[in-house]
Amino acid sequence: MKIFIKLSWFMKQEKASYIWGILSLAVIAVLNLIPPMITATIIDEMTNGTLTVQTLLLLVVGLFINAAIIFAMRYVWRICIFGASFRLERLLRLRLFEHFAKMSPSFFKENRVGDLMAHATNDLKSVQRVAGIGVLQGADALISGLSTLVAMIFFVDLKLTLITLIPMPFMIIGAQMLSKKLHTTFHKAQDAFSNLNNRTLESINGIKVTKTFGQEKEEVASFKEETQDVYKKNMAYVPWDAGFDPLIEIIVVICYILLFITGATMIENHQVSVGQLTAMVSYMNLLIWPMLALGFLYNNVERGNVSYDRIQKLFDVTPEVRNVKNAIQQVPTGDITFDVQDFRYEDSTSPVIDHVQFSVKPKETLGIVGKTGAGKTTLIKLLLRESDSFKGSIYFGDYETYRYDLGMYHQAFGYVPQDQFLFSMSIADNIRFGKSDATMEEVKQAAKLASVHEDIEGFAEGYETMVGERGVSLSGGQKQRIAIARALLLDPEVLILDDSLSAVDAKTEERILASLKEVRNNKTTIIVAHRFSAIKHANQIIVMDQGKITERGIHDQLAAGNGWYAEIYKLQETYQGGTSYES
Ligand SMILES: Nc1ncnc2c1ncn2[C@@H]1O[C@H](COP(=O)(O)OP(=O)(O)OP(=O)(O)O)[C@@H](O)[C@H]1O
């Protein structure tokens, strides 16, 4: 029952809901005891011939009022207890999402998206169940169970109650065991089904590749295996599900047999009346749910506890990059001075950034080139503070980058990553993603600067065209340019294009670079590129290799030299149009 202690912070917060909910359950438990008493009275008075119309009417009206109050109370407890449990789920989900949003990419590398999704769905649901159904089961088992027992003992008879209830412990144990089995088999079937869903999605998405490689037969065979697995796991659930009701019924029937045999003897001996025996039957029925609830409660609580701990473990992970005390509440501006002696990823054996020094002034464009894996994106990541753990310093304006408030710091940047991502929303909303209050004019202006305006106008629904699975299929170049427009709309202090022009043709690239020159004449622009045409105009170009700067200068100097830059430039010139290099 530790989970209730762990959830006490929330229960205190929702004290009123839980008190009203449990009070309503208590009222229902007591009111449920009245109809059997009324029925017993009617039967006994009828048997004795003392029942008057007046008494009958009074009792019937009493039954109606009783039923109406129970109806209202059922409404109240559902709203109060289930309402509170849904608020808990909402609160935890929101906190979890906020927590995920603060995490650095290494966190998402360690925790697979599927697992995080499972925490955000299954685990939260299990905790919500404890705060909702768990509380109901606990309260019902205690209040209804005890009050029904008291009524059986005091309104009917202690001996009859004890004998009738001999099989009840088996019901509690049976319910507990079966619900555990039901849960595990059901979840295995659910997991298999969700694997099948993922598999179907991947197969459909990859159908072109499958066809091109002539792998249809193999795909179908492996799909068949997967469906067979779902079938087997569903079938494993069936016997437990099918066994549940009969088990309960058998135990209830044994209770009835004991009740009728003992009851009949006791009526004969005038120890109980016919009416009391009838009431006992009703009480027996009233006792079934609390006994089952007691059995279910154990599993719900156990699952909720494990889930709560799993969620808590995620909350305990602190973000790698955090605000320092008294972080500077200012959007940085000014020179960027990068001086990193050593940076390694957790699993790197040698430095990924190795004694890299450069500085960029506002107005300037910095070009970064180098072989794949040279450390270009890592350098950008350090500038964007994906990690603050490196040897050396990075200054932006008057202060080192780590001293700025993270939110403020990021406002200085417009970043177009290599693997840009567009959301399933309209093109206009994708462009105004970083500035939700941007006018349509601003959106269009940014799209024009990114040379994608005409493409967008060409779609039937223009800027309102939906992107994503159910939307238009955009080409790689269109996606890149929309992502550039999104960054340009912010008019950031620093614009970073990380290999973001790779999918556009030479002419479009030239147009985009010309507009950048025009609108970013007093701000910093950093361009990482494989095609030198994209950085030709830069005020400063650095060439990276194995985490180090191997050459630096302006294009004309580097192209006239005899280093790697000159070699690749000649190659790119030979293959007119600027072929990218992968050497
Ligand atoms: N998250 C990471 N964890 C561990 N190693 C990484 C991570 N990201 C990159 N690396 C490694 O760091 C090195 C530099 O990678 P980086 O992405 O910075 O190179 P790059 O110059 O941008 O390459 P490309 O031109 O292909 O984009 C590579 O060896 C890469 O495998």
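**View 1. Gly-434 sits in a loop and is partly exposed.** Gly-434 is partly exposed, since 16 other C-beta atoms lie within 10 Å. (A residue counts as buried if 20 or more other C-beta atoms lie within 10 Å of its own, as exposed if 12 or fewer, and as partly exposed in between; C-beta atoms are placed from the backbone.) You'll find Gly-434 in the loop between helix H14 (427-431) and helix H15 (440-449). (Helices, H or I with at least four residues, and strands, E with at least two, are DSSP runs numbered from the N terminus.) Setting aside neighbours within four places in sequence, Gly-434 is in contact with Arg-486, Leu-489 and Leu-490. (Contact means that the C-beta atoms of two residues, placed from the backbone, lie within 7 Å.) Glu-14 is another story: Gly-434 and Glu-14 are 420 residues apart in sequence and 36 Å apart in space, C-alpha to C-alpha.

A word on what you're looking at: this is a predicted model, where local features need pLDDT of at least 70 and side-chain atom pairs count only at pLDDT 80 or more, while totals for chains, interfaces and linings use all residues. Residues are numbered from 1 along each chain as its sequence is written.

**View 2. The protein is assigned three domains.** Domain 1 covers 1-156 + 299-319, domain 2 covers 158-271 and domain 3 covers 336-574. (These bounds come from an automatic or database domain assignment.) Between the C-alpha centres of domain 1 and domain 3 there are 54 Å.

**View 3. The largest nonpolar core has 67 residues.** Ala-446, Ala-450, Ile-484, Ala-485 and Ile-496 have the most contacts inside this core. (A nonpolar core is a set of buried Ala, Val, Leu, Ile, Met, Phe, Trp, Tyr and Cys residues joined through C-beta atoms within 7 Å.) Helix H17 (residues 476-489) supplies the largest share of the core, seven residues. What does Ala-446 touch, not counting residues up to four places away in sequence? The list is Ile-431, Ala-485, Leu-488 and Leu-489. There's also a second, separate core of 53 residues, which includes Met-171, Ile-172, Leu-277 and Leu-286.

**View 4. The ligand is surrounded by 13 residues.** The closest of them are Tyr-345, Thr-372, Lys-376, Thr-377 and Thr-378. (Near here means that a residue's C-beta atom, placed from the backbone, lies within 6 Å of the molecule or strand.) Sorted by class, the shell has three nonpolar, eight polar and two charged residues. (Ala, Val, Leu, Ile, Met, Phe, Trp, Tyr, Cys and Pro count as nonpolar, Asp, Glu, Lys and Arg as charged, and the others, Gly among them, as polar.) Helix H12 (residues 376-383) gives the most to this shell, with three residues.

**View 5. Helix H12 is largely enclosed by the rest of the structure.** Why is H12 largely enclosed? Seven of its eight residues are buried. Those buried residues are Lys-376, Thr-378, Leu-379, Ile-380, Lys-381, Leu-382 and Leu-383. After H12 comes Arg-385, with a positive phi, near 60°.

**View 6. Four strands make an open antiparallel sheet.** The strand order is E2-E1-E4-E5. At the edges are strand E2 (353-360) and strand E5 (399-400), each pairing on one side only. (Two strands pair if DSSP finds at least two bridges between them.) Strand E1 (residues 336-343) is joined to strand E4 (residues 391-396) by six bridges, and the two run antiparallel. In E4, Phe-338 has Ile-394 as its bridge partner, and Asp-339 has Ser-393. E1 also pairs with E2 in the antiparallel sense, over seven bridges; here the partner of Thr-337 in E2 is Ser-359.

**View 7. Strand E3 is covered on both faces.** All six of the six residues of E3 (residues 365-370) are buried, so the strand is largely enclosed by the rest of the structure. Thr-365, Gly-367 and Val-369 are on one side, while Leu-366, Ile-368 and Gly-370 are on the other. In a regular strand, side chains alternate between the two faces of the sheet. E3 pairs in the parallel sense with strand E8 (residues 524-528) over four bridges, and the partner of Ile-368 in E8 is Val-528. E3 and strand E9 (residues 540-545) also pair in the parallel sense, over five bridges. In E9, the bridge partner of Gly-367 is Ile-541.

**View 8. His-555 belongs to helix H19 (residues 555-560).** His-555 is partly exposed, with 19 other C-beta atoms within 10 Å. Not counting residues up to four places away in sequence, His-555 touches Lys-536 and Ile-541.
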